[in-house]
Amino acid sequence: AKILNEPAVEIMGWKEIAKILGYDAPTKIDINISASIDVMQTQVRGMDDAALAKLIGADNVIDADFYDLGRNSTN
């Protein structure tokens, strides 16, 4: 194709070579989420309150009100 000066045919040839070599295949990423969650739970359980507040971005909260609504509350 290069000798005949046909760039479209040359490009098609390179596309076929890419398919043969597997360059056009999507990248597979395997993530083990359950192990990551277990590790994170262990880390979070070991943190003190100040570290947890800083982690979630609530380290600058001065005061808050909490209400216990319960499961059978009609409020």
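Helices here are DSSP runs (H or I) of at least four residues, and strands are DSSP runs (E) of at least two, numbered from the N terminus.

View 1. Follow the sequence along and you get the pattern α-α-α. Keep in mind that this is a predicted model. Its average pLDDT is 80, and 88% of the residues score at least 70. Among the elements, α1 comes out with the highest mean pLDDT, 90, while α2 has the lowest, 82. As for what sits inside, 0% of the 75 residues count as buried. The chain exposes about 7,700 Å², and carbon and sulfur atoms supply 58% of that area.

**View 2. Helix α1, from end to end.** This helix covers residues 7–21. Here's a quick check you can follow: the 15 residues of α1, at 1.5 Å a residue, should span 21 Å, and the end C-alpha atoms are 21 Å apart, so the two values agree. Just after α1 comes Gly22, which takes a positive phi of about 85°.

View 3. Side chains of opposite charge can pair when their charged atoms come close. The structure holds 1 salt bridge, and the partners are Lys19 and Glu16, with their closest N and O atoms 3.8 Å apart.

View 4. Which residues make the patch? Trp14, Ile17, Ile20, Leu21 and Tyr23 do, and together they form a nonpolar surface patch of about 650 Å². Tyr23 sits in the loop between α1 and α2, the latter being residues 33–45. With a relative accessible area of 65%, Tyr23 counts as exposed, because the cut-off for that label is over 50%.

**View 5. Met47 and its leucine contacts.** Now look at the loop between α2 and α3 (49–55), where you'll find Met47. What does Met47 touch, not counting residues up to four places away in sequence? Its contacts are Leu52 and Leu55. Met47 has a relative accessible area of 32%, so it is labelled partly exposed.

Note on methods:
Residues are numbered from 1 along each chain as its sequence is written. Side-chain values use heavy atoms; hydrogens and water are left out. Patches are made of residues with over 30% relative accessible area and no salt bridge: like charges are joined within 9 Å, nonpolar side chains (Val, Leu, Ile, Met, Phe, Trp, Tyr) within 5 Å. Accessible areas come from the Shrake-Rupley method with a 1.4 Å probe; for residues, only the protein chains shown count as cover. A salt bridge is a side-chain nitrogen of Lys or Arg within 4 Å of a carboxyl oxygen of Asp or Glu. Buried means under 20% relative accessible area, exposed over 50%, partly exposed in between (1.4 Å probe, protein chains only). Contact means heavy atoms within 4.5 Å. pLDDT is the predictor's confidence in each residue, from 0 to 100. The expected span of a helix is 1.5 Å times one less than its number of residues.
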